[in-house]
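The sequence and the structure are shown first.

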Amino acid sequence: MASYQRRARAGSNGPATRKPRTTQSKTAGSHSTSHRRNHKKKGGNGKHRVLKWILRIFLGLLGLGILTGIGVFAYLYATTEVPQPEKFALAEKTTVYYSDGTTAIGSYAEQNREIISCTDLPDYIGNAIVASENRTFYTDKGIDLKGIARAFLNNVTTGTRQGGSTITQQYAERYYLGETTTYAGKAREAILAIKIAQTESKEEVLCNYMNTIYLGRNSYGIQAAAKAYFNKDAKDLTLSEAAMIAGIIPAPSTWDPADNPNIAKQRFKRVLNIMQEDGYITAKERKAAAFPETAAVAQQNEYQGPNGYLLTMVRQELVDSKAFTKEDLDTGGYKIVTTIDKAKQDVMQSVGDARVNGMPDTLQVGGIAVEQKTGAVVSIYAGSDYLTKPLNNANQAVFEPGSTMKPFALLGAAQEGVSFDTKFNGNSHQHFSGISAEVNNALNINWGNINLYQATANSVNTVFMNVNEHLTPQRTAKIAHEAGITGDIDETSPYNVLGINALTVWDLAQGHSTIANNGVKNTLHMVSQVLDSNGKNLYKAPSENKKVFDANDCELVQKAMLGTTTTGTASSVSRALGGRQVAGKSGTANDELAASFVGYTPSLMNVWAIWNPDADGNPQVVPAFGGYGVTSTGYPAHLFTEYMSQALKGTAVEQFTTPKDTGKIGGPDGTWGLGSGSSSSSDSSSNSQQSTTEGNSSSSSGTGSNSQSSTPDCSTNPSSAACQNSSNSSNSSNGNESTDSSGGSSGSDESGGGNSSGSDSGGDTGTGDGSSTGGNS
């Protein structure tokens, strides 16, 4: 470290002094004034006196302001202490809380720091930091007044934190971290920088800076960083290791080689190049320096269990919003209040973690609960332990949603002015334009002539293929995207209405929440507030409230989905929830690779999905388990019922708005379904959508050859002969193709033509993350 002292003495010339005014300049000024006095106009004395009076007041106030400023500066200078490194206010931990604002989920930094003496450190460590952050450090005066003014203006006008441009200023800025968006905080920071520059040697400043700077991986100071990145003491760091650490100082959490190796290498080369240019190392040393291999990132214990998923999701949401950087969250000492309800989160975690008899160990579960009126996420099931399986089952892993995509096409039919009483051919073995293979329903059931209410409740593939033929796959994809789904949807495949494109649980919930909220789109979010140390909220949660669909059209879709939970593929859901009205839709991926369920009351939405990846993340068939039938389609509906029965306990029973079906039978051109003369009986559509009351399920009496009827009650014994016989009645006119919510699945509700659509399969490839692949037919 001797070189630091030597360089600190170099270039210590003081600032140039201002030359006093010359006599000549004063005389010239006097002459000019005298000249003006000789040309005063009549009547100008009064005006001149007023101007003179105003000028005196202005100069007096200016003088008073200067004196006051000098006084404030003197006071702040006298009362500002130059702290030792161990006294530094080094970034209180940022803590994340549940929605109550008092119960902590976890925090972002463990405050890993260790103050050391710099006498044993090789010179190249300090020189690497100087090369990276402040090349003029050894010769400058320690402060950059323009930089202070620029940072101050930026901080107080935009609310973001901008540090000083010199090492001394950065050192001072870290002491007042979290307060530099206030005038007083920024003023003290500037004064502290000045005082440090005048009272400490360059060697001391650099050493203190190295001991306090945040270097990523929850490490403060060069000693903690050396252990975090290279499992060694700072004194043992090589030139290459020192250059790597120094290079990522501006954004250590973002530029960590474990996360961003390309930019870490670019910064590494930059530091070495500057060190060679400035004479700290030779060309030979520069050439010999190779990018070092870093140790694996050590996970914090706070990330153990399910809370790790919540912490990472909250961090990502805030970083993606551009309101905060990773460094801000690691070092800002914020209080982050989420939208996650502690009680509901505990319920969801318990429901998702449950493993029933026969469930494969490889089976994955993902879930989410959302208040669709605000977009607030109240609970998440992303997995059981973040440290052992960091892949998030709620917003990262993907699966094929199957027929949970059908409501978007149903919405399109409403938009086109098609009455939901229009009859369609609900039989299997049909052909559609652009498809050579025939399309079938689950278990090859022939449903006869049925309306859109019945087709939705029983998830009849052939009816929705007909709807998509009229809408076009492009239109169906557009509606789903307008609803908020961001994942890719094949706009060229007629099968997109059957959910052949892999999505996340989060994405599916985002799209359905817009329909559930009567056409008003809200961005799903987990963060409500971000408070600084003074309690000031620094973050505005998303509040889009964008109307994208007609409310009545969405209410028609909701009405059709009510049939799913009373007489359709999840016929026991409404009864299990005490007769509450629940709009729902089940979905099964092609070849039975995944199953899902979307359901909601007017205020709370809940989505669940299951899939079965192999060791390499490739999709496998979801086998029968725990009495849930051939394809376990009913298990997501079971998860829904388990969660909602507890989440809704003690809440008011809500009713959906009754919509007006003003559409035309057969659509505006009379070509939809069986045409303009295809109306079903007046009570077949309305009765089929009535909610059950106090556990009594109602059935509809459609006029088609295969009307809806209630399914066997499999809630008490899902593996009973009645349930199994129901699932195997491939030719039964009453055979609801899927499930009772508590078990007894009767097969895939979207099996389409089995493998008949193989030519359209495989549009979604595996990502090694447990996602489903292949296509639904």
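## A buried cysteine

C554 has a relative accessible area of 0% and is therefore buried; buried means under 20% relative accessible area, exposed means over 50%, and partly exposed lies in between, with a 1.4 Å probe and protein chains only.

## Basis and confidence of the model

This is a predicted model, in which local features need pLDDT of at least 70, side-chain atom pairs count only at pLDDT 80 or more, and totals for chains, interfaces and linings use all residues. Residues are numbered from 1 along each chain as its sequence is written, and side-chain values use heavy atoms, with hydrogens and water left out.

The chain has a mean pLDDT of 79, and 71% of its residues reach 70 or more; pLDDT is the predictor's confidence in each residue, from 0 to 100. Residues 2–43 have pLDDT below 50, and this stretch has 26 contacts in the model beyond near neighbours in sequence, a contact being heavy atoms within 4.5 Å. Residues 681–777 also have pLDDT below 50, with 283 contacts beyond near neighbours in sequence. Where pLDDT is low, the predicted coordinates should not be read in detail.

## Overall make-up

The chain contains 26 helices and 15 strands. Helices (H or I, at least four residues) and strands (E, at least two) are DSSP runs, numbered from the N terminus. Of the 777 residues in the chain, 54% are buried. Among contacts between residues at least 6 apart in sequence, 72% join residues at least 24 apart.

## The five-stranded sheet

Five strands form an open sheet in the order β7-β6-β15-β14-β13, with antiparallel pairing; two strands pair if DSSP finds at least two bridges between them. The edges are β7 (376–381) and β13 (583–588), each with a single partner strand, so one side of each has no neighbour in the sheet. From one strand to the next, the twist averages 10°.

Strands β14 (residues 594–600) and β15 (residues 605–611) run antiparallel and are joined by seven bridges. In this pairing, A594 stands opposite W611 of β15. Helix α24 (residues 634–647) packs on the sheet and touches β6 (364–371), β7, β14 and β15, with its direction at about 145° to that of β15. Axes are lines fitted to C-alpha atoms, for helices over the stretch in contact, and angles run from 0 to 180 degrees between N-to-C directions.

## The disulfide

How many disulfides does a search of the whole structure find? The search finds one, and this disulfide joins C118 to C207, with S to S at 1.9 Å; the criterion is a pair of cysteine sulfur atoms within 2.5 Å. The link of C118 and C207 is right-handed, with 90° about the S-S bond. C118 lies in the loop between β3 (112–113) and α4 (123–133), whereas C207 is in helix α8 (residues 202–212), so the pair ties together parts 89 residues apart in sequence. Both C118 and C207 are buried.

T338 is in strand β5 (residues 335–338) and is buried, with a relative accessible area of 1%. Its side chain reaches the backbone oxygen of Y97 at 2.8 Å. A polar atom of the T338 side chain also lies 3.2 Å from the backbone nitrogen of I340. Leaving aside neighbours within four places in sequence, the contacts of T338 include V96, Y98, V314 and M526.

W255 belongs to helix α11 (residues 252–255) and counts as buried at 17% relative accessibility. Not counting residues up to four places away in sequence, W255 touches G247, I248, P250, N260, I263, A264 and R267. W255 and G216 are 39 residues apart in sequence and 8.8 Å apart in space, C-alpha to C-alpha.

Technical notes
A polar contact is a pair of N or O atoms within 3.5 Å; within protein, one must be able to donate a hydrogen and the other to accept it, and residues adjacent in sequence count only if both atoms are side-chain atoms.
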